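Have the model open beside you as you read.

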There are 2 protein chains.
Amino acid sequence: MEEILSNQIMTIKHSIEGAPNEDDFEVLTTNISTSLIKPGSNSVLVKCLQLSMDPYQLNRMKSFSTSQNSVAVAFKLVPGKLIDGYGVGKVVASGHPNFQKDDLITGLLNWALYVVVEDLNLLQKLLDPTEFPLSYHLGILRVSGLTAYAGLFKVGKPKKGERIFVSTASGSIGSLVGQYAKLFGCYVVGCAGSTEKVAILQEKLGFDGAFNYKEESDLKLALQRYFQEGIDIYFDNVGGEMLEAAVANMNPFGRVVACGVMSQYTDPTKRKGGPDMIDIIYKRITIQGYLGNDYSDEHNFAEFVSTTSSYLKAGQMQVLEDIHVGIENIPSAFVGLFRGRNIGKTIVKIADD
Amino acid sequence: MEEILSNQIMTIKHSIEGAPNEDDFEVLTTNISTSLIKPGSNSVLVKCLQLSMDPYQLNRMKSFSTSQNSVAVAFKLVPGKLIDGYGVGKVVASGHPNFQKDDLITGLLNWALYVVVEDLNLLQKLLDPTEFPLSYHLGILRVSGLTAYAGLFKVGKPKKGERIFVSTASGSIGSLVGQYAKLFGCYVVGCAGSTEKVAILQEKLGFDGAFNYKEESDLKLALQRYFQEGIDIYFDNVGGEMLEAAVANMNPFGRVVACGVMSQYTDPTKRKGGPDMIDIIYKRITIQGYLGNDYSDEHNFAEFVSTTSSYLKAGQMQVLEDIHVGIENIPSAFVGLFRGRNIGKTIVKIADD
C-alpha cells in the first residue's frame with residue numbers, strides 16, 4: 001500500500017570555502033513514496049534516527065577540494081543535493097529479504113528524515129540493538145572507534161610503556177585513542193582547547209597529563225614539559241604547528257599517525273608550520289596517513305569490535321557524546337565541530353524511533 | 001722505530017650558519033709520532049688516500065644543530081678540531097694484528113693527511129682492493145650506495161612497474177637510486193639543476209625522463225607532465241617545495257623516502273612549503289625518514305654489496321664521480337655540494353698511495 005512521506009533534507013546552499021556558518025545550510029522539503037521500494041529489488045527505505053557529524057565532511061563542501069581532486073575517498077558534495085553521512089536508522093520498507101520493516105541498521109545514510117538506500121552493502125543490521133545505546137553504533141563501535149583503534153594499533157604500533165601524545169584529545173577520535181593507549185599500558189598526554197576539556201581528559205578519561213594549547217605560547221616547550229623522555233607516537237588530528245612541535249619532541253623511530261588536519265580544514269591556504277624534515281630523517285620518524293575504513297575488513301573489524309565491546313562491558317572506557325536534537329540543528333552541530341564546541345562524538349538525533 | 005710525520009688537518013674556523021664558504025675553513029699543521037701506535041693496542045695510524053664529501057656534514061658545522069640537539073646521529077663539529085668523515089686509506093702502523101702496514105682500509109677517518117684510529121670497528125679492510133677503483137669504496141660500494149639501495153628497496157619497497165621520482169637525481173645518492181630503480185623495472189624520472197645534469201640522467205643513466213627544476217615555474221605542473229599516472233615513490237633529497245609538489249602528484253598508498261633536505265641545509269630558518277597533510281591522509285601516504293647506516297648489519301650489507309657488485313661487473317651501472325685533488329681543495333669541493341657544482345659523488349684525493 002503506497003504511502004507518501006514528507007521528507008526533509010539538509011543541504012548546502014553553496015560551496016563553503018572557509019569556516020562554515022549556520023546559514024551556509026538549508027532544509028529542503030520533498031516527498032518520498034514507499035512505492036519506490038519494489039519487492040525483489042535492492043532498495044530499502046530508512047527512517048534516520050541519529051546522524052554522525054564529522055569534520056572531514058567540510059572538505060567535501062569546498063568548491064575544489066584536495067580529496068575530490070585526486071582521490072575518490074570523499075566525493076565532492078553538490079549544493080542543493082543530498083549529503084551522505086553515517087547514521088543509525090530504522091527500516092520503513094524493504095525490497096530485499098535481508099532487511100525487514102523495523103530492523104535497526106547503521107551505515108551510510110543521508111542528512112535527511114528518510115533515505116532510500118539502493119546499495120545494500122552500505123547498510124549493516126544491528127544484531128543486538130539493546131546491548132549498547134544506539135549512538136554507540138555511530139561512534140565508538142563504528143567509524144570513530146575503528147579510526148581510533150586502527151590508527152593507534154595498526155599504524156602507530158605502540159609498545160607498552162611508550163609515550164603518546166594525542167591532539168584534539170577530547171574529540172570523538174582523540175578521546176578513544178587516549179583511552180585505548182592507557183588501557184594498553186602507555187603514558188598518554190592530550191591537548192585540547194578549553195579548561196573544561198582538559199579537566200575531562202585528566203579526571204574522567206585518566207590521561208597522564210593534558211594541557212590547553214590555547215594557553216601555551218610555545219608548543220614545543222609545552223610538549224617538553226610533558227615529555228621529558230620524548231614522544232614515541234603522535235596521534236595527529238590537527239597538523240600545522242602542533243605537528244611541527246611534536247616532531248621536534250619526538251624520539252628516534254617515532255611515529256606520527258596522521259588522522260586529521262583540523263588546523264587546515266577551515267583555511268587550507270594558510271598552512272602554518274609543518275614537520276622539520278631534517279628531524280624526520282635523523283630521528284627516522286615515520287608519518288603515515290590512513291583512513292579508518294582501510295581497516296574495515298572482517299578480520300580487523302572483528303578484532304576492534306571485540307576489544308571495544310569488552311572494555312565497554314567492563315566499564316573501562318568512557319564514551320563522550322555531544323548530542324543535538326532535530327534535523328534543523330544539524331548546521332549548529334556541524335559548525336560547532338570547527339569552533340571547538342563539541343566534547344566527544346557529535347551526533348544529531350533526528351527521531352526517537 | 002719512531003717516525004715523526006708532518007700532518008695537516010682541515011677544520012672549520014667557526015660555526016657555519018648559512019651556506020658555507022671556502023674561507024670558513026683552514027688547514028692546521030701538526031705532528032704525529034708513530035710511537036703513538038703501541039704494539040698490542042687497538043690503535044692504527046692511517047694515511048688518508050681519498051675522502052668523501054657529504055652534505056650532511058654541514059648540519060654538524062652549525063652552532064646549534066637539530067641533530068646535535070636531540071639525537072646522537074651526527075655529533076656537532078667543533079671549530080679548530082678534527083672533522084671525521086668517510087675515507088679510504090692505507091695503514092702506516094698498527095698496534096693490532098687485524099691490520100698490517102700497507103693494508104688498504106675504508107671507514108671513518110678524518111679530513112687530514114694522517115689519522116690515528118682507536119676504535120677498530122670504524123675500519124674495514126678492503127679484501128680485494130684491485131677489483132674496483134678505490135673511490136668506489138667511498139661511494140657506490142659503501143655509504144652512498146647503501147643509502148640509495150636501502151632507501152629504495154627497504155624503505156620505498158617498490159613493485160615492478162611503479163613510478164618513481166628522484167630529486168637531486170645527478171647527485172651521489174640520487175644517481176644510484178635512479179639506476180637501481182630502472183634495473184628493478186620501474187619508471188624513473190629525476191630532476192636536477194642544470195641542462196648538463198639532465199642530459200646525463202637521460203643519456204648516460206637511462207632515466208625515463210628528467211627535468212631542470214630551475215626552469216620550471218610550477219613544480220606541481222612539471223611533475224604532472226612526467227607523471228600522468230601519478231607518483232608511487234618519491235625519493236626525497238631536498239624537502240620543501242619539491243616535497244610538497246611530489247605529494248600533490250602522488251598516488252594512493254604512495255611512499256616518500258626521506259633521505260635529505262638540501263633545500264634546508266643552508267637556510268634552516270627559511271622553510272618553504274611542505275607536504276599537505278590532507279593529501280597525506282586521504283592518499284594514505286607514508287613519509288619515512290631513514291639513514292643508510294640503519295641497514296649496515298651483515299645481512300643487509302651483504303645483499304646490497306652482492307647486488308651492486310654484480311651490476312658493476314656486468315657494466316649495468318654507471319658511476320658518476322666529481323674528483324678533486326689535494327687536502328687544500330676540500331673547502332671548494334665541499335662548498336660545491338651546496339652550489340650544485342658536483343655531478344655524482346664528490347671525492348677529494350689526498351694522496352695517490
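Which residues is B:Phe165 in contact with, leaving aside its neighbours within four places in sequence? They are B:Val189, B:Gly190, B:Cys191, B:Phe211, B:Leu223, B:Phe227, B:Ile231, B:Ile233, B:Tyr234, B:Phe235, B:Met242 and B:Ala246, where contact means heavy atoms within 4.5 Å. Before we go on, please note that this is a predicted model, in which local features need pLDDT of at least 70 and side-chain atom pairs count only at pLDDT 80 or more, while totals for chains, interfaces and linings use all residues. Residues are numbered from 1 along each chain as its sequence is written, chains are lettered from A and ligands numbered from 1 in the order in which they are written, and side-chain values use heavy atoms, with hydrogens and water left out.

B:Phe165 and A:Phe165 have the most contacts inside the largest nonpolar core, which has 134 residues. Such a core is a set of buried Ala, Val, Leu, Ile, Met, Phe, Trp, Tyr and Cys residues joined through side-chain atoms within 4.5 Å. Buried means under 20% relative accessible area, exposed over 50%, and partly exposed in between (1.4 Å probe, protein chains only).

Now to the sheet. Twelve strands form an open, mixed sheet in the order β10(A)-β9(A)-β8(A)-β11(A)-β12(A)-β13(A)-β13(B)-β12(B)-β11(B)-β8(B)-β9(B)-β10(B). The β10 strands (209-212) of chains A and B stand at the edges with a single partner strand each, so one side of each has no neighbour in the sheet. From one strand to the next the twist averages 15°. Strands (E, at least two residues) and helices (H or I, at least four) are DSSP runs, numbered from the N terminus, and two strands pair if DSSP finds at least two bridges between them. In chain A, β11 (residues 231-236) and β12 (residues 250-258) pair in the parallel sense over five bridges, with A:Ile233 opposite A:Arg255.

Helix α3 (residues 143-156) of chain B lies across β8, β11, β12 and β13 of chain B, at about 145° to β11(B). Axes here are lines fitted to C-alpha atoms, for helices over the stretch in contact, and angles run from 0 to 180 degrees between N-to-C directions. Helix α4 (residues 174-184) of chain B is mostly covered, with eight of its eleven residues buried. These buried residues pack against α3, β8, β9, β11 and α10 of chain B. Just after α4(B), B:Gly185 takes a positive phi of about 110°.

β14(B) pairs in the parallel sense with β15 (residues 345-349) over five bridges, and B:His324 stands opposite B:Val348.

A:Phe334 and A:Phe338 are both buried.
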